[in-house]
Amino acid sequence: MSTQPTERKTMKAIALTSSERNTIQWKQLWSLVALYGSIVIGWIAYQNYQPKLLEQFHFKNYTLLLAIAQGIILIVTPPVAGKLGDRYRLEQGHRIPVISAGISFASMVFMAVAFTLFSNPGEIFRWILPVLIIFWLIAMSIFTSPALSTMELFSPIDKLPRAMAILTIVANLIYAVEPVIVDIIDYVGAPLTFISGGLVVFISGIALKKNSLTLFTTSENKEAKPEENTQPDLAKSNYAFIFFMGLVLGTATTVLFNLFPNVLEAKIGSLFNGWQGKIIMVNILVLSALISWPVSNLVNKLGLEKSFWGSAVAIAVSMVFVFTVQSVAVVFVMTILFTVMFTSLSVSALPLAIKQSTFAEKVFCVGIFFSGVALPDSILEVLQAL
């Protein structure tokens, strides 16, 4: 008699877990969105303050060296962190320990940078700053890939584009209001910015950990395997294709943020009363955010692979026209095409990368994907530092 209530609770929990796997887990997804938003804001703060700090502490001569180190870290660290994440998944049942360790490390580095700036270090201790910058890059890279890979836990594979659409909307809107964020950062100053950044990352990381762990309580504290999730597992992960997908997305993103502003200002700025390139880019990001959800529905209908290849080809064509054609009308149409296809690529590439990985290498493959994303911008950073 006494065992029947327990058995009924267990069966109910298992049934609930099974049904939940067919729907998006919104509570967990919004925790991931909050963490991702804090990561984006952290990168904005870093990109805003890095050149200023290098100049303030007389490290301008090391800009090239730091750019090379940054590129190596952003390309190498994600797969390494992914390997650790997969190891913990197989040994402990989930990837949360790696995410927690990375978030704690990143928060500590945020605080260390803030303390260093508050203390206004002298000639000897000023060398702590570039070391802390390197540590910050490593810390952010350690947990970003494992954290974003949890998206496949919060959504069935056929709904991953919709989940990715939420992340795309948040990221694009944050980047769209980057000038406002930069003004706020400049107003509060570097020390308070890094303290706030550390707190935001830590709090959002704790929320993700707390909400994610509830997914494993009814499955022996382990992530569901493919056969439990009705998804067939691949025999081998497609590393080259996964890296290529990241490379395509990274190239499109690098062109949008670094090359398009000047080109579009010169070619179509006259259409909008002389808009500056940054304003045009902001409008592209806002439009991308607005259409992300309907585009994700279209991606679901077409399928991930068709959406990715169609988006990749269309983006390549639109970029060629934008850079080579002088007609205002043609460039404007190609800019709209780029915006739509960039949105499609943003919501399809990472879900397809996850789909192209085996169960045992989910986080590692996400790391490979983000290595591809980081490569084009890293190359451009080094070239600009020469």
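Visitor: Hi! How many helices and strands does this protein have?
Guide: Hello! This predicted model has 14 helices and zero strands.

Visitor: I see a bend in helix H11. Where does the kink lie?
Guide: Look at serine 292, shortly before proline 294. The kink there is about 50°, in a helix that covers residues 277-302.

Visitor: Which residues of H11 are buried?
Guide: There are several, including Ile280, Ile284, Ser288 and Ser292. In an α-helix there are 3.6 residues a turn, so residues three or four places apart point the same way.

Visitor: What covers the buried residues of H11?
Guide: The cover includes helices H7 (160-176), H10 (239-268), H12 (304-324) and H13 (328-355).

Visitor: And what follows H11?
Guide: Glycine 303 does, with a positive phi near 100°.

Visitor: New topic: glutamine 70. Is it buried or exposed?
Guide: Glutamine 70 counts as buried because its relative accessibility is 7%, under the 20% cut-off. You'll find this residue in helix H3 (residues 63-92).

Visitor: What is glutamine 70 in contact with?
Guide: Leaving aside neighbours within four places in sequence, glutamine 70 is in contact with Tyr46, Gln50, Leu137 and Glu381.

Visitor: Now the rings. How many aromatic pairs are there?
Guide: The count comes to 20 aromatic pairs. One of them joins tyrosine 49 and phenylalanine 194, with ring centres 6.3 Å apart and planes at 45°, so this pair is tilted.

Visitor: Where do tyrosine 49 and phenylalanine 194 lie?
Guide: Tyrosine 49 lies in helix H2 (residues 26-56) and phenylalanine 194 in helix H9 (residues 190-213), so the pair ties together parts that are 145 residues apart in sequence. Tyrosine 49 is buried, at 8% relative accessible area, and phenylalanine 194 is buried too, at 6%.

Visitor: What about phenylalanine 369 and phenylalanine 370?
Guide: Those two form an edge-to-face pair, 5.3 Å centre to centre with 85° between the planes. Both phenylalanine 369 and phenylalanine 370 are buried.

Visitor: Which residues do ring pairs link into a cluster?
Guide: Ring pairs link Trp43, Tyr46, Tyr49, Phe110, Trp136 and Phe194.

Visitor: Last one: which ring does the charged end of lysine 83 sit over?
Guide: The ring of phenylalanine 364, 4.6 Å from its centre. Arginine 89 also has its charged end over a ring, that of phenylalanine 359, at 4.7 Å from the centre.

Key
Residues numbered from 1 in each chain as written. Predicted model: local features only at pLDDT ≥ 70, side-chain atom pairs only at ≥ 80, totals over all residues. Heavy atoms only, no water. Helix = DSSP H or I, 4+ residues; strand = E, 2+ residues; numbered from the N terminus. Bend = angle between axes of the 7 residues up to and from the residue. Buried < 20%, exposed > 50% of the residue type's maximum accessible area, 1.4 Å probe, protein only. Contact = heavy atoms within 4.5 Å. Phe/Tyr/Trp six-rings, centres within 6.5 Å; stacked < 30°, edge-to-face > 60°. Lys NZ or Arg CZ within 6 Å of the ring centre and 35° of its normal.
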